[in-house]
Amino acid sequence: MKRFLKYKYRLKWREQLYTKNRTRRHFKRKRKQRHIRKAAEQAKLLESRVARSKHETVSAPEVFSFVTNTTDTLAFFNKIENLLLDAYPIKIDLSKVTEMSADSLLYLLALFDRLNKSRKMYHVEGNIPKHKTAADKFRHSGFLKYVTANGVQSHTSKNIVQIYGGEKIETRIVKDLVKLTHTTLGLNKYQTMHLYEVLIEIINNTVHHAYRSKDILPKWYAYAEYNELERSVVFTVLDTGLGIPATVRRTWGEVLIDSVRVRRMTDSQLIISALDGKFRTQTNKRYRGRGLPKIKSAHEDGSLTDLLLISRKGYINLSSGTHQDLGVTFRGTLYTWKVVAQ
Amino acid sequence: MNGECVINVAEQFTDAPGGRYRKDGDFSGEEFREEYLEKLFNMCETLTVILDGAYGYPTSFLEEAFGGLVRKYGRSIVRSKLKFISSEDPLLTERIHKYIDSAEQ
């Protein structure tokens, strides 16, 4: 039914184009006007709701982490995004959070960034966790540098490389991330060569493949933290692009199967295929598409441990060798792994 | 034409090589090839590239620098002119030769 309506709509559009002597530009202009009108209505609605203090409170799950609580964290973000799109001012309640990882904060920043880029008006307020460890982590993460914080101060630590958001490959930042393993775990340049290469490859993938539109600048976020108990450094890198499954090249056979909707490759299967080095680069150049296999090989040789990759609906845990498809779409690609003392 | 030339990547270019193209950011493979490799490659009979001292060599950097050279000048001349020294990571030389061999001309 949906397909039929779409077809009918297209027919109407074409009929009008030729019979009523209307140009494509006319329809484009109309669409733009509709878009501006809707945005203005939504901004007005948002302002009135803020004035009447009609905030919607959204509570974060106790375990606020994509790594250990993927489903609930994703559901929380989904709720936030839907409310923001419906022009609701929201209050993010982190007070009940007892455990958090940087990935959720990176995702929150990325969400704000996406809204800024789409020039959408939004109003978000929030608090910090009551739990001491979670609150410390929040203050040290560097998240507060990116938002207006009243009375809450951001702290720094020599055991943390705070959240950094970049648009190009910035080797200076990558060097800082790698150096954290030198100062905390006592590793040297040679021992961290794979780590450096993997970080550059991930950022390179973001810059080249994560965004199709030329209007949207690619953006990535990175964070690293030393875990004293485990004697490891945890790395988190996130991009909010289209995700690996949406940007890899599909074979003609796969496109055909997708079109008849009999059986399609799931997102996790597509990611595994790209990690295995099957010819998936959208550039169609044989000498490209080596970034993801490099990440996998660095995990296999033990340079990285506990590697987790989430992209769209694909959830890949390379350490346990498991993969699954999530019920809700993760916008972008998240990589997280550990480097342990040797 | 000069005889033998030597280039130390970490000392003369950067100890933190970047991505593939200039537009991706600083210290890219394209920048290294155009600003350093190609100039010496055209000037010298043989060119020794010292790879020690860097934080690492991303795949895209190596492929664009050396694979790009093959795409421009041909595989045989690149193979005969270039030599690599990597005492810190002996496998690195092998990797570069792989990119040279698999580069599309």
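**View 1. Where chain A and chain B touch in this predicted model**. The contact draws 21 residues from chain A and 21 residues from chain B; two residues are in contact if their C-beta atoms, placed from the backbone, lie within 7 Å. On the side of chain A that touches chain B, two or more residues each come from helix H6 (171–185), helix H7 (193–209) and helix H11 (291–300) of chain A. Helices here are DSSP runs of H or I with at least four residues, strands are runs of E with at least two, and both are numbered from the N terminus. H7(A) provides the largest share of this side, seven residues. Residues are numbered from 1 along each chain as its sequence is written, and chains are lettered from A in the order in which they are written. As this is a predicted model, local features need pLDDT of at least 70 and side-chain atom pairs count only at pLDDT 80 or more, while totals for chains, interfaces and linings use all residues.

**View 2. Domain 1 against domain 2 in chain A**. On the domain 1 side, helix H3 (70–85) and helix H4 (102–117) of chain A each supply at least two residues. H4(A) gives the most, with 10 residues.

**View 3. The elements of chain B**. Five helices and three strands make up the secondary structure of chain B, and from the N terminus they run β-α-α-β-α-α-β-α. The C-alpha trace of chain B spans about 30 × 25 × 25 Å along its principal axes.
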